[in-house]
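This report goes through a few local features of one structure, one at a time. Keep the sequence and the 3D view open while reading.

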Amino acid sequence: MNDSGARAAVPFRTSLMSRVMLGVLALLTAGGMIVALAALAYGKQAARQSYDRLLVGAAQDIAESTKIVNGAPVVDLPVSAFSLLSLALDDRISYAVREADGTLLTGYDTAPITRDGGDLTLFDDKLHEEAARFATVARRFAERDYSGTVYFTVGHTLRARNVMAIELTKTALMGVGVAGLILMISAFFVIRSTMRPLQHMASDLLKRDPYDLTPMPTQGPAEVTVAIAAMNQFMRRLDRQVSAMRNLISDAAHQLRTPVAAIRAHAELVAEQGVSGEQQQGLERLLKRTRSLGSLLDQMLSRAMVIHRTDNAPPEPVDLRDIALHVIELEDHMVLSPEAVVELVIDGDEVMVFADEISLREAVKNMLTNALKHGSSPIRVGVTRKGTLAEIWVADAGVGPAPEVLAQVGSRFERFAASKGASAGLGLSIVNAVAEAFQGSMHIGQVEGGFRVTMTFPAMGGDNAQ
Amino acid sequence: MRNSWLWVALKFALLVPATVSAQEKMAQFSAPEAQAEVTLVLRSTTDIDVLQPIIEAFVVQNPEIAVTYEQWGSNALFENSLAACAGDAGSASAVFSSGVHQMIDLVNRACASAYRSEQTTALPAARRWRDELWGITKEPAVIIYNTDLVPAEDAPKTRFALLDLMRRPTSIYRGKIATYNIEASGLGYLFAFMDSLEASTFGALLEGFSRTDAVATCCSSEIIKGVSKGDYLIAYNVLGSYVDSATFDNIGVIHPQDYTLFLSRAYMIPKDGPEKQAAALLLDFMLSPRGQSLLKARNLFYAENSDASPLPKSAERGIAIEPTLLVAGDKHRREQFVNLWRSAFAQHDTAR
């Protein structure tokens, strides 16, 4: 539970993409809010203007239809004025026609009176406790029997205005919303394409062989190049460290070989001269240990060399038969176990692979040495081609190591080698390293009539080779 | 159902108005064998016996509500509602008036309370305003004539025909044409006012009324009875719904083909009224399919195909419930209009 939570949290926390998207979203939200406020203000303004015009129109309409009859203003209230006002569908209407002294001629006496006396006044007031907007138009009469100003006040409540303001705001916001969505989507794609070099770098690093400390190609945008350059520098330092370590190991092995050989020679000399029973036994043990120490050093050297070769020597076409032949011709087995029979199993067709000859020789040498030491005669060294695969193998007539040992051999070569004091593990580890270095694999297992260690590589193919 | 109606009929009682002189009649309705918890006071300009079946069905469906039905004249009801709005008189639970322009004025003066329901929002825009006023009925303003006394070829199908009739040099219709007295009847005023807006025929009509010594009198039922008895031959702008509910077989009904005004009686729930919920229930009931079919049965909702000579849709002029009707209530406008009217009807009193 905890594990999965942590796993889920990590990519979110570390994903640059989600961070940037979150930022963009926050930016858009803030922008959207500002636009919403602006839209609302704009909507209110627009609604106010258009409905104020209605009010003024209605007031002027009423003013127009007023005449002086028998010395008094008479309003022939026009329906058109109220049709105008009815455009604000659900709003209450108030109107009043007043003389200059405030006398109500017609209309509602609840309609407010303007404070200032311009020709056209627009003002906010209350209508039956509800906020309302009023317009007052003044009309001056100068007739024989009537002279004075008459004020025409028209007002209505704000329902229609508010509805219009909200409608306008909604429409504006809809547009902003769509634009925001489009921005979000395009931001996503832009950011993703910007992030791509980083992803490339990451995947390149992931795909890299763990031993590959060569510099990465510095391509892409400046920011990424900086990171790659830094990484390359780091890898250079790491590489230096690693090669120093390797050199130390091979130097140490090399330096130790001579003293160990001297110790062995001395021990053999003493043993030959003859000593008492108990001493003889101890001497035998010393001899045995010294020999295996010598061969261990040999193998360490050969491993160091193999690693050096696979890292540095470019692979080239190699005929596996040459390798098998070369290993047998060295006649190392004569030294190790002179009585063993070693056969070469090859045929006329060449079996080409793309690898390093010296590394392969070293590996096959190790395979043969293992067979000689631990297996039983006769021992066969062979090369076979199976379709697209090329195999080079060493088989003996023995039963091979016990299954549990075999399992260990399959997984931890070095540890096995170190703990046993015998060098078989290290030998196989070299074989494994070589096989993997050239896109191949190592197989260990029982076959008919014995035990076989095989290196399999992708064959270069008859059509390719020729 | 029939049984329960019997009960209601037993409970139905006409009460002599004692305290409020302006109110014409009063009746109590309650469901049989039920103890009503609330009493809804409905003030209406509609004759009690016209609305009776609807109110009865309502109390049967809602036995917890009793209805006190007060019948008022439209002008008196307007005055009363204004007073109630100002807090000077007891408010009704609901006001249901044919003086639609007066109801608009009341709503405009913030005397109504808002209510929304599925039924009210389903009403067309011309039949509601601010969710405070609703047009319940659809009743035509018709011309009626006495079929025994008016020759069939004389029956005026349009206002122009009526004008021609009135312009005849020697007319049997002299003093025999009746219409509403617009000063006494809010509805009569509204019809006349709408006529004056609708067409230029109105001036000619007034002139014709003047020429034939037309009678301006009060109240639908009186006019209808007069036509039936032969006191009048023709009556103009009579509520079609009353004619049918009166069921006089010697009365012919004409929906004028040039245009026919349609009235929607307006229903309002006063802002300070008692039992607003019951009033809203009654509103929803009247707008419900059952209420509407009851209204149709009482001829309060004009059914398109009921007429022998169907009225073209383009000739229908519904009086929309909208604030333009405020113009009708304007003091100056009304004074001028009434003066014009008086000059037409008073001429013969003084000159002849």
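## Two helices of chain A

How are α6(A) and α9(A) oriented to each other, roughly parallel or roughly antiparallel? The model is predicted, and in it helix α6 (residues 277–312) of chain A packs with helix α9 (residues 357–374) of chain A at an angle of about 150°. Angles over 145 degrees count as roughly antiparallel, so α6(A) and α9(A) are roughly antiparallel to each other. Their axes are 9 Å apart, and α6(A) passes α9(A) in a left-handed crossing.

On the side of α6(A), the contact is made by Gln299(A), Ser302(A), Met305(A), Val306(A), Arg309(A) and Thr310(A). On the side of α9(A), the residues are Ile358(A), Ser359(A), Glu362(A) and Asn366(A). By class, this contact has 3 nonpolar, 5 polar and 2 charged residues.

## A buried residue in a strand

Phe451(A) belongs to strand β14 (residues 450–458) of chain A. Is Phe451(A) buried or exposed? A residue needs 20 or more C-beta neighbours within 10 Å to be buried; Phe451(A) has 22 inside that distance and therefore counts as buried.

Leaving aside neighbours within four places in sequence, Phe451(A) is in contact with Gly375(A), Ala395(A), Asp396(A), Gly398(A), Val399(A), Gly400(A) and Gln446(A). One of these, Gly375(A), is 76 residues from Phe451(A) in sequence, while the C-alpha atoms of the two are 7.9 Å apart in space.

## One face of a helix in chain B

Chain B has its own helix α6, covering residues 159–167. Which residues of this helix are buried? They are Arg159(B), Leu162(B), Leu165(B) and Met166(B). Seen down the axis of α6(B), these buried residues fall within an arc of 115°, so they line one face of the helix. An α-helix has 3.6 residues a turn, so residues three or four places apart point the same way.

## Where the chains meet

Note on methods:
Residues are numbered from 1 along each chain as its sequence is written. Chains are lettered from A and ligands numbered from 1 in the order in which they are written. This is a predicted model: local features need pLDDT of at least 70, side-chain atom pairs count only at pLDDT 80 or more; totals for chains, interfaces and linings use all residues. A residue is buried if 20 or more other C-beta atoms lie within 10 Å of its own, exposed if 12 or fewer, and partly exposed in between; C-beta atoms are placed from the backbone. Helices (H or I, at least four residues) and strands (E, at least two) are DSSP runs, numbered from the N terminus. The arc is that of the directions from the helix axis to the C-beta atoms. Two residues are in contact if their C-beta atoms, placed from the backbone, lie within 7 Å. Axes are lines fitted to C-alpha atoms, for helices over the stretch in contact, and angles run from 0 to 180 degrees between N-to-C directions. Angles under 35 degrees count as roughly parallel, over 145 as roughly antiparallel, 65 to 115 as roughly perpendicular and the rest as oblique. A crossing is left-handed if the near helix is turned anticlockwise from the far one by less than a right angle, and right-handed if clockwise. Ala, Val, Leu, Ile, Met, Phe, Trp, Tyr, Cys and Pro count as nonpolar, Asp, Glu, Lys and Arg as charged, and the others, Gly among them, as polar.
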